Amino acid sequence: MTERLNHPEGILSLQNIAMPADTNWSGDVFGGWIVSQMDLAGAIHVERLSKGRCATIAINQMTFLVPVKVGNVISCYTKILKIGNSSVQVQIEVWNSHDDSRDPVRITEGVFTFVAVDVNGNKRVISDEVKQAYVANL
Ligand SMILES: CC(C)(COP(=O)(O)OP(=O)(O)OC[C@H]1O[C@@H](n2cnc3c(N)ncnc32)[C@H](O)[C@@H]1OP(=O)(O)O)[C@@H](O)C(=O)NCCC(=O)NCCS
């Protein structure tokens, strides 16, 4: 992870609202629901970048900082850390986006690795054009 800032880093890849069905017995939203939102956000970013399907191969360094309540709007921000031959490492932050009267609160963060795959689910090489376009936009 890069240094923790007091504002979101990366691009907004996904937003969702926590619903009653996403909670545990004590009324907080399941960590697994939040992880699934992060997984979707990372996949959206990596599939757009790599121009095709991807699969999650690893989740590292998850930290849950504050609980999520029903009705909270969560915003997932994704930032590419590294592009390999077939893999892409992504920093994913989740923020609780209140209305404009309050500052957003960081809920969780993690580093996910995705692998670009073909239609049969086999890994595929990420093209040099994709890598060069990414570097050019840094
Ligand atoms: C994704 C998959 C096709 C990769 O195939 P593979 O032949 O095992 O691939 P490799 O072992 O060569 O690894 C592919 C890339 O992932 C990277 N990688 C492998 N294990 C990793 C790990 N634990 N952490 C980070 N990166 C990892 C490799 O370094 C490699 O990167 P590179 O190509 O950029 O150098 C295969 O592992 C798979 O289908 N996994 C299941 C995916 C899935 O179902 N995800 C959803 C989970 S429910």
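Predicted model: local features only at pLDDT ≥ 70, side-chain atom pairs only at ≥ 80, totals over all residues.
Figure 1. Among the residues surrounding the ligand are Ala55, Ile57, Ala58 and Val115. Gly84, Asn85, Ser86 and Gly121 also belong to the surrounding residues, as do Thr113 and Lys123.

Figure 2. Thr56 takes part through its backbone instead, with an N or O atom 2.8 Å from a ligand nitrogen. On its own the ligand would expose 980 Å², and the protein buries 44% of that area.

**Figure 3. Which strands each supply at least two residues of the shell?** Look for strand 2, covering residues 54-64, and strand 5, covering residues 105-116. Strand 2 provides the largest share of the shell, with 4 residues.

**Figure 4. Now let's see the chain that holds these strands.** The protein chain contains 2 helices and 5 strands, arranged along the sequence as β-α-β-β-β-β-α. Its radius of gyration is 16 Å, close to the 14 Å that the globule rule gives for 138 residues, so the chain is as compact as a globular protein of that length. The C-alpha trace spans about 45 × 30 × 20 Å along its principal axes.

Figure 5. Of the 138 residues, 40% are buried. The protein chain exposes about 7,700 Å², and carbon and sulfur atoms supply 53% of that surface.

Definitions and conventions: Residues numbered from 1 in each chain as written. Heavy atoms only, no water. Near = heavy atom within 4 Å. Polar contact = N/O pair within 3.5 Å; in protein donor to acceptor, adjacent residues only side chain to side chain. Areas by Shrake-Rupley, 256 points an atom, 1.4 Å probe, with all protein chains shown as cover. Rg over C-alpha atoms; globule rule 2.2 N^0.38 Å. Buried < 20%, exposed > 50% of the residue type's maximum accessible area, 1.4 Å probe, protein only.
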